[in-house]
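Please look over the model before reading on.

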Amino acid sequence: MQLSEIHDYAIQARMAQIIGARRFDRLFAGARFDEVDGDILFVYVKDEDTAAQIQDEFALHISIISSKILEREINIVMVLPKQLVD
């Protein structure tokens with residue numbers, strides 16, 4: 001399931017509310033909450049270091065927020081650098 005822009009922005013807004021604007025801007029600049037496959041949410045970010053940091057620190061937060069917004073269970077959050085997708 002491809003996420004709509006509304007879903008993407010809603011998840012981003014909730015994450016910004018939790019972690020604060022400065023940290024959000026540093027980590028999630030250009031991030032895209034892109035698609036769900038089963039119970040896996042795919043998130044694409046600018047580079048590998050950012051992907052690793054988000055995966056380690058915020059995967060649980062993202063799964064809880066996205067489960068509520070998407071109204072479906074998200075158990076795994078895969079944060080990947082955009083260069084792997086292009």
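In which strand does Val 45 lie? Val 45 lies in β2. The model is predicted: local features need pLDDT of at least 70, side-chain atom pairs need 80 or more, and totals for chains, interfaces and linings use all residues. Residues are numbered from 1 along each chain as its sequence is written, and side-chain values use heavy atoms, without hydrogens or water.

**Val 45**
- Val 45 counts as buried because its relative accessibility is 1% (buried: under 20% relative accessible area, 1.4 Å probe, protein chains only).
- Beyond neighbours within four places in sequence, Val 45 is in contact with Ala 31, Thr 50, Ala 51, Ile 54, Val 79, Leu 80, Pro 81 and Lys 82 (contact: heavy atoms within 4.5 Å).
- Asp 34 is 11 residues from Val 45 in sequence and 10 Å away, C-alpha to C-alpha.

**Shape of α3**
- Helix α3 spans residues 48-70 (helices are DSSP runs of H or I, at least four residues; strands are E runs, at least two; both are numbered from the N terminus).

- Asp 47 caps the N-terminal end, with a side-chain oxygen 3.3 Å from the backbone nitrogen of Asp 49.
- Just after α3, Glu 71 has a positive phi of about 55°.
- Buried residues of α3 include Thr 50, Ala 51, Ile 54 and Phe 58.
- Among the elements covering the buried residues of α3 are α1, α2, β1, β2 and β3.

Definitions and conventions. Expected span 1.5 Å × (residues − 1). Buried < 20%, exposed > 50% of the residue type's maximum accessible area, 1.4 Å probe, protein only. Polar contact = N/O pair within 3.5 Å; in protein donor to acceptor, adjacent residues only side chain to side chain.
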